[in-house]
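Reader: Can you walk me through a helix contact and a strand in this one? Please show the sequence and structure first.
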Amino acid sequence: MKIIRSELSLSSDVGNFASHRSSLNNSHNLTMITPRIPNLSHSLLFLLASLSVLHLKPSLFSSPHNQPLTLTEKSKPYESPNHQELQITCKNYIVRFREYKRAEDHRNYLESRLKFGGWEWIERRNPAAKFPTDFGVVRIEGSIREVLIGEFEKLELVKDVWADSSYHRGLFGEKMKGFEKVGAFVDVKKRPGKIFTAMSFSDGHENCAAATSNVSISWKRHLLMQKSQVTSLFGADVLWSKGYTGAKVKMAIFDTGIRANHPHFRNIKERTNWTNEDTLNDNLGHGTFVAGVIAGEASECLGFAPDTEIYAFRVFTDAQVSYTSWFLDAFNYAVATNMDVLNLSIGGPDYLDLPFVEKVWELTANNIIMVSAIGNDGPLYGTLNNPADQSDVIGVGGIDYSDHIASFSSRGMSTWEIPHGYGRVKPDVVAYGREIMGSKISTGCKSLSGTSVASPVVAGVVCLLVSVIPEGNRKDILNPASMKQALVEGAAKLSGPNMYEQGAGRVDLLESYEILKSYQPRATIFPSLLDYTDCPYSWPFCRQPLYAGAMPVIFNTTILNGMGVIGYVEGPPTWHPSDEEGNLLSIHFTYSDVIWPWTGYLALHMQIKDEGAQFSGVIEGKVTLSVYSPPARGEKGHRSSTCVLHLKLKVVPTPTRSNRVLWDQFHSIKYPPGYIPRDSLDVRNDILDWHGDHLHTNFHIMFNMLRDAGYYVETLGSPFTCFDANQYGTLLLVDLEDEYFPEEINKLRDDVINTGLGLAVFAEWYNVDTMVKMRFFDDNTRSWWTPITGGANIPALNDLLAPFGIAFGDKILNGDFSIDGEQSRYASGTDIVKFPRGGHVHSFPFLDSSESGATQNILTSGTTKADSPILGLSVVGGGRIAVYGDSNCLDSSHMVTNCYWLLKKILDFTSKNIKDPMLFSDSVRNNKPLYLDDNQLPSRRTDVNFSTYSVVEGKDLICRSDSRFEVWGTKGYGLQIRGRNRRLPGYPVNDFDRGLNSTIENSNMKTSKSSEKNKDEALGNKYLGLIYGDDLDMPVVVASHWLVPAIVAVSDCINLIDSSAFVRRLAFIELLANSTEATPAEERIWHWSLCQYIAMDEI
């Protein structure tokens, strides 16, 4: 698995870089921070460390490749799809090595081992060239690059090969009037450079809109405190008066450079250029502005630490472009020259850009405190930028002078862990980021706003705090973890925002100063308190209490280890309830065994025990965790510390089934790693679906609405076999991109028909021709980017809904419509093409904007709007189903109008059988079925290696750690008769004593052909394969066990039968259920006979 190999190699890199410490110190005065670890090999140590860093991210390890992450086929990442790509003859690639050596040695190694031509080594003439390096840049001819890259990666000392991606950002200076925020995509076309988000912008021009409104908010009104010195608001003058001004602190500013002899700076130590432009000067003004906020001394725009030593790293060109190789060299140089603090006011959504991410880990492991902007993608949730979303980096959000979260500031949670875990709290802190004064390019001051302005505010605070510690003791006390501890513990919590908006709160310089004055190395947990009674800060936890029978509530915290770059958890965490009632809480823990670099994670999976089903009240207590690190210089014993996390949890009696909704998170795929396109094609400048699609990210407003309506909403991060349908009124499927296990399809069919589970589906567009048109060549990753699916995976959804006679089409519909006076916008939704007789179907006139639809519009003059079915409601057996072809009205990312009113009416129907008169009027009753032949349904793409991105295709069906504890590591509820119930290593063995069938093993069981998806067929036709001798995908027990799955398996034959036929069919099933054991041959006869009877309506 390549991504694992890459991380293990990172461990070796750190160790190898450290092994050169002596020689480098002698020749280049390079200082490396390397912990002493007795009796443990470095390879084993960093193996554990690398694995522990990627916590709660099984999706990362499920991918077999770590090539550039948006490739169409990762198994063939460098394949040239057509002649257009071949026109790009040569491109640059980063070859990463397992050791640090001179660049010349790496080059000689490659030339001596590779006998192929078609490549050349690129000399990098920059200040890092005099130091050992762990990578090289090569130019490869496009015609043979796949072969060459394969040969490179076979070499023993080569770690991997990556495209030399570039970064591109928008910097808004005083010369740009009437600008707009610019991201990576403009009018659906990708700009040169890596995916990025908008950065600082000039005041007086920003307009922002709330996520749920069409109303624009103008910030042209100047606030009263616009010209206030930001330094005075934090009390910097108090530390200045004590003689602390940032002296002897080496500050690395990664930006657009700075001009020599700038009058605002007294201590510019070094300017370095890492770009392909022959200049050290800042011609844009952004780098100068950032430096001014940190260390300027002009009276109109004072910086925090005027005596700080400025090291200006020019990593962006005048066109605001940068390449990964430039960053890697610059990062290596920052380590080699012993920087203390580094500010990076850039970011983007690709946290799987491993060369960059791993180098940041290495940077902080060498005791450089990194401060980075959290991003300007607010007010949307799930929009954190990398590297600020990394736990070893201080991520900074922005506030205005009224202590309100700035509208532009990105919100958490982190999305690394989604869909199978829960994100961490970010930002770490917030600081003033609106209308901040800083230095112009040559002289004078100006104001800018953005989190890339808030970031240098915190970086300036950090420089000032570093100077408080005597220079001889700094490296013993200060590190990325201890500085973050001082900042988050000293921060002032704001009264309005939640933890995923403000982190620990507004930076408080003086409080952090007091903490550092008496700091002793220790480990702590952030956040250190989860209080369900503290709303809105503890949102979303405070919005929904715990109760027995619910899916585990996951709270993911960060371990900050100020004792050393590496640490270990000594024994499992322990729950200490404050009173007897606290024993009703059951907590399972997942955590970092090895904490590196400086940070780890502790995740709580919380359930209320069954005996607490009627309990109402508050449970209090604490979780403790012991951490130890190797001794520091001059110490003999290990450093140890006990971390404490306080809990105050609200508990209520278990709600009734009809009030419980289960949200499917498991089948969601996002960017990264795949090119998942946006849901609304009307959005031209943000084409990727990267906000997490989680209840608490871009669906957070919907979550709040459901809670206000009295519904309890739980999250399912595992397959459908991992929940008990008897506990829930409705399973809610919204905007899903993944496939489904055959076992999931079978179980859902049984859950709806026999268990009475409600099913609500909000789909999205899917049109292969449109997806093909959205394909483009990215000159930065040197690969073709092709959507791996549409807004939703309609072929997979159609397989799931086939037993109910429901299917979606491939139209892309847009337009306005009204139901019962509620005006709504249908934004790139799809149509319903199959629906059973007796249901209620709502149709409206829309124009089809898909590629095929556009062609038809041209042929018919383009003015005709045909009625398209978009909403269907039906009773199926004991359950109720509602399907709607658009999810954009629930997603706060690009919402035009919301349809929460419709969702509430749908849930009232599916969960409580409350039928709204308008939705169920006789005029929309479906007296004859909607029908489309299966071979005309949307088909899967055959040119995409979907298994690379899927957690279903090619994977085992396993209930993960976000399932109920009793099914962790198993295949789920009631599946013991359907197949082996394998437990994963390390999962606890549980006693199954609640309604589970006994396990029946069949060692000769074969995989049914019906379970192997044919990409060109719908699932409905595949059940008939049983007639022709295909083996069943479940063991045969007795008729009462095999018959219900058998009847369900042929339900596609009966999906057009009305309710009276269904009653007659049930009677027939009951008669057959009294039969004796059946052989496989007899089963096929029953299947065939039953299907024939139903087809003829004879039952």
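This is a predicted model: local features need pLDDT of at least 70, side-chain atom pairs count only at pLDDT 80 or more; totals for chains, interfaces and linings use all residues.

Reader: At what angle do α13 and α17 pack?
Author: About 35°, with the axes of α13 (residues 451–466) and α17 (residues 509–517) 10 Å apart. Axes are lines fitted to C-alpha atoms over the stretch in contact, and angles run from 0 to 180 degrees between N-to-C directions. Helices are DSSP runs of H or I of at least four residues, strands are runs of E of at least two, and both are numbered from the N terminus.

Reader: Which residues make the contact?
Author: Val461, Leu464 and Leu465 come from α13, and Leu509, Ser512, Tyr513 and Leu516 from α17. Contact means heavy atoms within 4.5 Å.

Reader: New topic. Is β33 buried or exposed?
Author: In β33 (residues 660–664), 5 of the 5 residues are buried, so the strand is largely enclosed by the rest of the structure. Buried means under 20% relative accessible area, with a 1.4 Å probe and protein chains only. Arg660, Leu662 and Asp664 lie on one side, Val661 and Trp663 on the other.

Reader: Which strands pair with β33?
Author: β34 (residues 712–716) runs parallel to β33, joined by 5 bridges, and Trp663 stands opposite Thr715 there. β35 (residues 730–734) also pairs in the parallel sense, over 3 bridges, with Val661 opposite Thr730. Pairing requires at least two DSSP bridges between two strands.

Technical notes
Residues are numbered from 1 along each chain as its sequence is written. Side-chain values use heavy atoms; hydrogens and water are left out. Buried means under 20% relative accessible area, exposed over 50%, partly exposed in between (1.4 Å probe, protein chains only).
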